[in-house]
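User: Could you take a close look at one part of this structure for me, the open sheet, and walk me through how the strands pair up?

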Amino acid sequence: MVGLLNWLKKKEASPGPPTPPNPLRVRVVISYVKQTSSDREPASDDRLASTLNNALTNAGYQVSLITQMTPHEQIEEKLGQCDYFVLLLSFKAALNEIVQKKIRWVRERREQEGDRNPAIVPIRVKFSRRTNVSYDTKNYLDLIEQLDWKSDEQTSTLANQLLEMVANRRVPVTTAIPTEAQNRDVEEGSGLLPALRGPWEHPREFPGAIVPVASPLYIERPPIETLCNEQILQPGALVRIKAPSQMGKSSLLGQILYHAQRQQYRTVLLNLQDADTFVLNNADQFLRWFCTSISQRLSVVDRVNERWDLDSFNSWENCTSYLAEYLLREVSTPIVLGLDKIDLLFDTSFAASFFSILRSWHEEAKTEEKWQRLRLVLTYATESYVQMPLSQSPFNVGLAIDLPEFSSKQVIDLTRRYKLDWSILEVSQLLDLVGGHPYLVRLALYNIASQQLTLNELLNADFSEHSIYDSHLRSRYWRLDQNRDLKDAFTKLIKANGQSIRVEKILAFKLQSLGLVDRQGDDEVQVRCKLYQRYFEQVL
């Protein structure tokens with residue numbers, strides 16, 4: 001395939017974009033981060049999206065616009081039907097969790113369907129290629145040629161380039177996306193995670209969902225790592241890692257799996273974000289996906305279909321039998337199964353049943369040798385809740401890890417790793433703003449170390465507007481907005497202007513689970529940091 005850039009050079013002399021024979025058959029989705037009422041200046045994303053929409057619509061194409069405010073169901077429906085996914089990637093968009101999910105969805109669809117639609121067309125909007133995006137996003141977009149937009153003067157040219165591409169059904173050049181087998185370590189059966197191979201080459205990588213094991217930016221929180229590494233060596237071990245979002249649960253899970261690999265254990269990492277929506281809507285489909293995924297990651301022949309007997313057993317019995325009578329017999333060494341983001345199952349109809357069988361496997365290990373070789377590590381965000389009888393729940397057994405914030409000493413250590421020569425005063429100022437929240441601290445240090453802003457600019461930012469914390473703050477507001485009683489209680493706390501107040505015990509617990517407050521006793525709460533105080537006093 002001719003590279004997009006070379007193709008555009010050949011087309012420079014073309015008088016104009018050709019008209020396709022059946023333009024209405026071509027569907028285009030344009031994704032951008034929509035300007036909000038708190039944004040004072042007109043957003044480049046809005047203007048560019050509007051112009052591209054008009055150009056494509058006038059040419060007869062079916063165009064849909066999706067933003068960070070579009071309902072999830074509509075996003076999947078539109079992306080599933082489109083031919084081109086035009087991604088306007090601004091700095092604001094790169095920080096947005098919803099945008100990252102869109103990219104992940106398109107990537108998975110193309111992997112599953114053999115590079116079929118939609119073709120992704122990334123357009124960097126005033127966003128330098130030298131500026132890294134999140135780890136997962138970068139890994140995928142780096143495989144695709146990207147267009148650039150820096151000013152309004154380029155809009156017309158860019159619109160014509162896009163029209164020519166769509167009219168000729170061209171797509172940006174894409175190298176082969178690594179398969180599941182290629183991502184595994186070259187040593188057959190080693191089970192090493194891709195992120196663990198070799199030294200980490202980007203000490204200033206944009207803070208993403210996980211800090212790779214070999215990264216110099218991983219900060220230990222003693223004695224947590226030692227406790228987890230010791231526990232995972234115990235027969236039938238179960239480790240539960242819980243904390244609000246972006247506190248480092250997935251990173252700690254990676255460290256535990258790496259330690260297990262060094263003991264010659266086999267490891268499996270399942271991220272529940274990788275499960276398609278239809279899988280999460282049906283217990284049998286989910287359990288089949290669960291067993292198949294474990295088989296693939298262990299390099300064991302997938303025998304789910306031939307061993308699934310719905311005439312004699314239900315899905316839960318089939319799942320248990322598949323592990324006990326097949327996988328645990330095929331693999332003689334201990335298997336450490338890491339289930340990341342299991343809170344995504346909390347709202348499913350089968351959550352209680354699934355967690356009950358996890359508990360039963362852990363209990364079986366007390367008497368049966370084969371189950372002793374299965375060790376479980378679960379991570380979940382405390383923002384979500386699942387109600388279960390204590391006797392059936394895996395959430396009151398095993399080693400429970402509540403991830404704390406970074407201490408001032410750990411933040412000082414991290415500033416050194418970012419090669420920032422900060423004084424104690426500067427560290428204290430950052431901690432006063434964001435506390436020791438790992439993601440918020442790392443995001444600040446990354447942007448300061450890469451000279452995109454200064455500490456003084458961060459301390460004096462108006463966080464109701466576009467900021468490096470925009471996506472994080474909006475997600476917290478969205479969570480709060482789902483519960484009227486919770487929102488009212490937190491509004492009352494914000495009005496207390498930094499003072500602690502008393503609220504109902506259940507509300508205090510839920511606000512703490514969201515990571516918004518510190519609890520002092522059962523029912524007394526205080527806003528966790530100045531960042532939340534300053535943001536929410538403007539938006540509530």
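Analyst: Let's start with a term: two strands pair if DSSP finds at least two bridges between them. Strands (E, at least two residues) and helices (H or I, at least four) are DSSP runs, numbered from the N terminus. Keep in mind that this is a predicted model, where local features need pLDDT of at least 70, side-chain atom pairs count only at pLDDT 80 or more, and totals for chains, interfaces and linings use all residues. Residues are numbered from 1 along each chain as its sequence is written, and side-chain values use heavy atoms, with hydrogens and water left out.

Now for strand 6. Strand 6 and strand 9 (residues 374-381) are joined in parallel by six bridges, and Ile241 sits opposite Thr379 of strand 9. Strand 6 (residues 238-243) also runs parallel to strand 10, with four bridges between them. There, Val239 is partnered with Leu399, and Lys242 with Asp402.

Zooming out, the open sheet has five strands in the order 7-8-9-6-10, paired in parallel. Strand 7 (266-271) and strand 10 (399-402) are at the edges with a single partner strand each, so one side of each has no neighbour in the sheet. From one strand to the next, the twist averages 15°, with angles taken from 0 to 180 degrees between the N-to-C directions of axes, which are lines fitted to C-alpha atoms.
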